[in-house]
Amino acid sequence: MKRIAASILLITFFSANAQVADDYYLPQNVTYNAAIPTPKQFLGYQVGEWHVGHDQLVAYLRKLAEVSDRVDVSEYGRTYENRPLIHLTVSSARNLSNLESIRNEHKKLSDPAQSNGLNTKAMPVVVWLGYTIHGNEPSGNNAALLAAYYLAAAQGPGIDSLLNESVILLDPTINPDGSNRFSSWVNTHKSQNLVTDPNSREFGEAWPGGRSNHYWFDLNRDYLYMQHPESKSRMAVFHQWRPNVLTDHHEMGTGSTFFFQPGVPSRTHPLTPRRNIELTQKIGKYHAAGLDKIGSFYYTEENFDDYYYGKGSSYPDAHGCVGILFEQASSRGHAQDSQNGVVTFPFTIKNQLTTTLTSLQAALAMRTELLDYQREFYKEPSSDPVKAFVFGESNDKVRLWEMVNILQRNQIDVYPLGKDEVVEGKKFVKGSSFAVPMNQPQHRLIKAIFEKRTTFEDSLFYDISAWGMPLCFNVPNAEAKTPVALGEKITKNDFPKGKVLGKSNLAYMFEWDSYFAPRAANELMQRGYRLKTATQRITAIIDAGTTKMFDYGTVQVQLTGKNAEAAQALLQTMAARDGIDFYAMPTGLTPQGLDLGSENFKNMRQPRPLMLVGAGVNSLDAGEVWHLLDTRMNMPLTMAEISTANRVDLGKYNVIVMASGDYNALQDDKLKRWVQAGGTLIAMTEALNFVSEKGIAPIKMKKLPADTTATMLPYALADRYRGAQATGGAIFQSQLDVSNPMGYGFKDSIINTFRDHNVVMEPVKDAFAAPLRYTNKPLVSGYISAKNEKFMRGTPVVATYNVGAGKVIAITDNPNFRAFWWGTTKLFLNAVFFGNQIGSGRFNPFED
């Protein structure tokens with residue numbers, strides 16, 4: 001009866017198109033302080049009538065902090081679009097006046113050396129309330145308005161107990177940039193008479209939509225590696241507190257109901273203690289009671305999981321905290337028809353507020369239990385046979401530097417090796433190698449970051465199944481089963497600056513090793529320097545009587561027509577900024593290999609890139625390209641809608657990027673003529689299907705054989721059977737030709753690549769045209785079905801094609817995945833910078 005009544009109420013509110021009253025949302029078993037303005041009084045409209053803008057939300061929360069002695073507001077960072085990231089700290093006035101002492105005591109729970117003497121019965125529980133990390137899931141941050149008001153204004157014994165015995169950290173909008181895009185869209189398209197037809201423009205936000213951040217990244221996959229300012233800033237606050245409960249409020253399809261964790265039990269990460277699931281289940285009973293009371297349908301232990309530790313509800317589980325995911329059926333606007341009736345925006349907000357309050361209710365009731373759990377979580381020592389993870393010996397010190405950065409952001413202690421060590425047959429040298437011992441409180445997270453796992457209880461995953469950091473960064477690594485010698489713990493991780501060695505009036509050379517070498521090359525070409533690339537290894541004189549061997553892809557910076565003093569000063573700036581060593585060339589004659597004037601030094605062409613974007617294109621993959629070129633390489637990238645590309649002159653661009661997607665709206669003849677005229681086309685993952693089908697390049701795609709089993713299988717297991725054939729995200733071993741321009745900057749011929757799809761190219765006939773191929777035993781870490789693993793063996797990861805005067809670079813995997821796959825971005829950048837050189841034969845003096 002409750003649920004029927006709720007449905008009638010929901011439809012009544014919609015049909016009348018009337019504002020809901022405050023008592024529709026807020027508990028009525030308390031009184032409210034009239035001196036605290038309601039959201040409606042401050043904003044001029046009722047919550048749910050419009051989608052709140054981030055500036056309005058921030059202004060209201062700052063007002064609460066101004067008028068309430070229970071509320072402090074802090075700005076903890078800024079987004080890419082310079083919007084403030086804020087959080088409220090809510091507790092009793094007495095607690096707030098003693099907040100730093102409370103925080104320091106609480107942090108001792110995660111330090112086994114200090115936690116034994118703590119009296120958890122006298123400690124407040126810490127709860128983190130997090131909303132709208134996906135900007136187009138607005139019920140969260142609109143509910144945050146009401147949650148903040150309730151905590152600031154409610155009066156009564158129950159709220160007094162909550163405030164006295166807890167510290168609440170309320171993060172109202174984790175993704176302000178995406179939220180702003182979405183709220184502007186739906187408010188712009190709102191009618192006075194609400195239109196619920198799903199075909200209405202209100203529900204079809206423009207590409208790329210508001211889910212992602214400024215660079216189109218899903219911030220709910222960035223908790224672990226923290227590549228974006230929103231994540232770096234937020235997780236710094238997380239680690240300052242280490243909460244006991246963290247809520248993560250999301251939305252899902254309009255035709256759903258409401259989900260709360262736990263998720264599918266068999267898909268919880270095996271490093272998460274069973275006790276965590278039990279506590280989540282116990283908290284779930286409070287959610288069930290609260291949702292039953294208001295007549296909302298819900299479900300649990302289905303669809304979603306807690307496997308990947310890079311998500312908002314999973315990352316806390318690796319820190320003695322209970323992370324809780326909420327998924328609300330979305331109105332995606334103000335009111336929308338669904339298979340369950342009309343889903344109104346106010347109703348979605350009400351469910352999120354209800355579970356916010358039940359989370360606080362549960363945390364208060366389970367306060368000591370949650371505090372004790374966190375203490376025991378960190379007191380349990382590592383029983384893993386691995387004593388330390390060792391990594392280093394990379395030709396790219398910048399990648400090692402970022403690895404250490406990420407580990408330190410995760411509060412993991414990193415040490416330089418105290419002496420040379422041989423681990424698993426690999427030599428790691430003091431001064432260029434690091435160790436992460438397991439005998440520290442974060443040992444579970446360390447294991448999750450470094451391990452290689454290929455066996456699983458379940459074969460379905462909500463997200464990726466592998467993310468090992470040394471594999472992502474493609475750096476040598478090993479597992480030490482006995483202790484290794486450690487130096488002093490790294491407390492300051494300085495950027496590995498390069499240097500300029502010597503002075504020349506002729507030329508300088510630098511190897512393509514540094515992650516930021518493309519940035520330096522691009523700037524030098526912008527400044528008018530002629531750059532050439534070595535197609536062979538060279539031994540050159542760098543000082544009187546001193547020689548050095550330079551590898552494939554070494555770049556020669558010619559000083560013809562340049563001031564030598566100014567050139568050296570510029571290179572010194574770049575060396576420090578980009579981690580590159582520049583070597584002065586006193587003579588053009590080398591003792592071994594190419595002389596500096598050899599025709600086998602190829603002219604570098606400054607990239608003028610265009611990326612096709614818009615409907616059909618995978619915005620996540622496209623955003624990774626934009627972010628890489630713009631923020632890391634300082635390279636302007638023109639992004640044009642497919643419809644725009646169909647009508648403009650493509651001749652002003654010499655590189656076109658096609659991220660994964662559907663390009664059937666693109667004029668293929670025009671693109672093919674552009675390639676034939678000398679352009680370099682880089683096509684990745686699903687884009688290969690278009691390039692192949694339209695005959696732009698002679699790519700042949702490999703088709704998975706149909707499943708023709710005659711065995712009768714249970715229909716009820718059909719989704720699980722088919723889901724097990726999906727490759728959700730795993731790491732594979734590939735063999736690289738380091739002498740090919742696509743391999744420049746790599747030293748090892750075996751590298752790791754990431755794939756989250758089943759796109760496979762047929763082997764190519766030209767022995768030189770597939771510089772990167774999967775090995776015959778490709779799986780390194782993660783899940784793939786045996787059928788799919790066999791299907792991809794020995795096939796190209798990268799294939800290159802000469803098309804007229806131009807090139808097509810086909811890449812099956814995503815080398816820029818989520819911005820944390822630092823180990824293969826050089827593949828993509830090599831395609832940008834050197835794609836035109838592949839198979840180009842001898843030096844062409846007329847080449848642009």
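By about how much of a helix are Arg 274 and Glu 278 separated in helix α11? In this predicted model, the two residues lie four positions apart in helix α11 (residues 274-294), and are therefore separated by about one helical turn. Their side chains meet in a salt bridge, with an N to O distance of 3.9 Å. Arg 274 is partly exposed, at a relative accessible area of 48%, and Glu 278 is likewise partly exposed, at 35%.

The salt bridges number 42 in total. One of them joins Glu 251 to Arg 332, with the closest N and O atoms 3.2 Å apart. This pair links distant parts of the chain, 81 residues apart: Glu 251 belongs to strand β7, whereas Arg 332 lies in the loop between β9 (322-329) and β10 (335-338). Glu 251 is buried, with a relative accessible area of 3%, while Arg 332 is partly exposed at 21%. A further salt bridge connects Arg 211 and Asp 218 at 3.1 Å; both residues belong to a network that also includes Glu 137, Arg 221, Asp 463 and Arg 818.

Strand β7 is part of an open, seven-stranded sheet of mixed pairing, ordered β2-β3-β6-β4-β7-β9-β8. Strands β2 (71-78) and β8 (258-260) form its edges, and the twist averages 20° from one strand to the next. Helix α10 (residues 229-241) packs on the sheet, touching β2, β3, β4, β6 and β7, and its direction makes about 135° with that of β2. Within the sheet, β4 and β6 run parallel and are joined by six bridges; Val 126 has Val 167 in β6 as its bridge partner.

The pLDDT averages 94 over the chain, with 96% of the residues scoring at least 70.

Note on methods. Residues are numbered from 1 along each chain as its sequence is written. This is a predicted model: local features need pLDDT of at least 70, side-chain atom pairs count only at pLDDT 80 or more; totals for chains, interfaces and linings use all residues. Side-chain values use heavy atoms; hydrogens and water are left out. Two strands pair if DSSP finds at least two bridges between them. Axes are lines fitted to C-alpha atoms, for helices over the stretch in contact, and angles run from 0 to 180 degrees between N-to-C directions. Contact means heavy atoms within 4.5 Å. pLDDT is the predictor's confidence in each residue, from 0 to 100. A salt bridge is a side-chain nitrogen of Lys or Arg within 4 Å of a carboxyl oxygen of Asp or Glu. Buried means under 20% relative accessible area, exposed over 50%, partly exposed in between (1.4 Å probe, protein chains only).
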